[in-house]
Amino acid sequence: MLVPDYIASLEQCRVVNDGNISDDWSPCFWYAKLNGDRVPLVGKEELLVVSGEEKARKSLLLSMFTASRYEDVDRSRTCGFELLMEQPILYFDTEQPKRRVKKNRMRYQSLIGKPLEDDGSFIQYSLRGKTPHVMKECITHVIREMMEAGTPPGIIVIDQIMDLSDSRDENDMPSSVALMDTINAWGDMTGALMALAIHTNRGGERTRGKLGSLLDKKTDCTFRLNMETDTWITTVTHSYSRESRMPSITFNQDYGTGFPRFLNEKSEAISYFN
């Protein structure tokens, strides 16, 4: 009797004697430092959603997040974040042209203090200009290549996820459900943390469209960004987490270096990234 793949893939969740979740569990947790303590925010096989209005610096927050996996990075440059992971980061940008993605990559190298082209730790693609179907086929292809090479990604970042909707209509429920199924399939293939950026509506009160509503229901950790248009100061609110909570972050961008600078409640710079 043939057994369907989805039945054959069923696996019991067991806790072994050493207290770990499973024998092959590898650490992949994003932490924040609060009062000197390491506080877990989100982990492997989970869903992280970063939302905000257009140009609210969602990509910059994701850069801080991913850069925190490198030992040599100054933790003050990543707001004290710490990502414990050895697997590669896989990053897809659907909005920016290749020229700007490469420029951001150069800034990223300055942030972590090392070249990225030698160790394969940060793999990045620009998908702008492709249809939603082709974008998804490209992502699946890259994931399969990495899995076959024995280097599965620990984190898959998609910035931004709405561009992968087949209907290109943020309020189309069938397309949104189908895209959620695809996101879940990528997570199941890799066991990676899925980190997705998505826009909010004007005013930043709600994640945009039917897909936004579905993501809000399924997310394991959510950060929402709001930028003041007169001061260009961004406030990051940790609005949801299955793990711990962290206080809000306020920063603006140093356009000389491209790095953020963190601000206190009086909007005075307390830390520069240059």
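## Overall architecture

Among contacts (heavy atoms within 4.5 Å) in the protein chain between residues at least 6 apart in sequence, 63% join residues at least 24 apart. The model is a predicted one, in which local features need pLDDT of at least 70, side-chain atom pairs count only at pLDDT 80 or more, and totals for chains, interfaces and linings use all residues. Residues are numbered from 1 along each chain as its sequence is written, and side-chain values use heavy atoms, with hydrogens and water left out.

The protein chain contains six helices and 13 strands; these are DSSP runs numbered from the N terminus, helices being H or I of at least four residues and strands E of at least two. Of its 274 residues, 48% count as buried, that is, under 20% relative accessible area with a 1.4 Å probe, protein chains only. The chain exposes about 14,500 Å², of which carbon and sulfur atoms supply 48% (Shrake-Rupley method, 1.4 Å probe).

## The largest cavity

Two cavities of 30 Å³ or more are found in a search of the whole structure. A cavity is a set of points, on a 1 Å grid over the protein atoms alone, where a 1.4 Å probe fits but cannot get out; lining residues have an atom within 4 Å of a point. The volume is the space filled by probe spheres set on the points.

The largest cavity has a volume of about 120 Å³. It is lined by 13 residues, and those closest to its centre are Ser 59, Ser 63, Tyr 91, Asn 104 and Gln 124. Helix 2 (58-67), strand 5 (89-93), helix 3 (98-112) and strand 6 (122-126) each supply at least two lining residues, with the largest share, five residues, coming from helix 3. The lining comprises four nonpolar, five polar and four charged residues. Here Ala, Val, Leu, Ile, Met, Phe, Trp, Tyr, Cys and Pro count as nonpolar, Asp, Glu, Lys and Arg as charged, and the others, Gly among them, as polar.

## The second largest cavity

The second largest cavity has a volume of about 70 Å³. Of its 10 lining residues, Leu 60, Ser 63, Arg 107, Leu 111 and Phe 259 are the closest to its centre. Helix 3 gives the most to this lining, with four residues, and the classes are seven nonpolar, two polar and one charged.

## The buried face of helix 6

In helix 6 (residues 209-218), the buried residues are Gly 209, Leu 211, Gly 212, Leu 214 and Leu 215. Seen down the helix axis, they fall within an arc of 165°, so they line one face of helix 6; the arc is that of the directions from the axis to the C-beta atoms. The cover over these residues includes strand 3 (47-52), helix 5 (173-190) and strand 8 (193-199).

Notes:
On a 1 Å grid over the protein atoms alone, a cavity is a set of points where a 1.4 Å probe fits but cannot get out, and a pocket is an open set with protein on both sides within 12 Å along at least five of seven lines; lining residues have an atom within 4 Å of a point. Buried means under 20% relative accessible area, exposed over 50%, partly exposed in between (1.4 Å probe, protein chains only).
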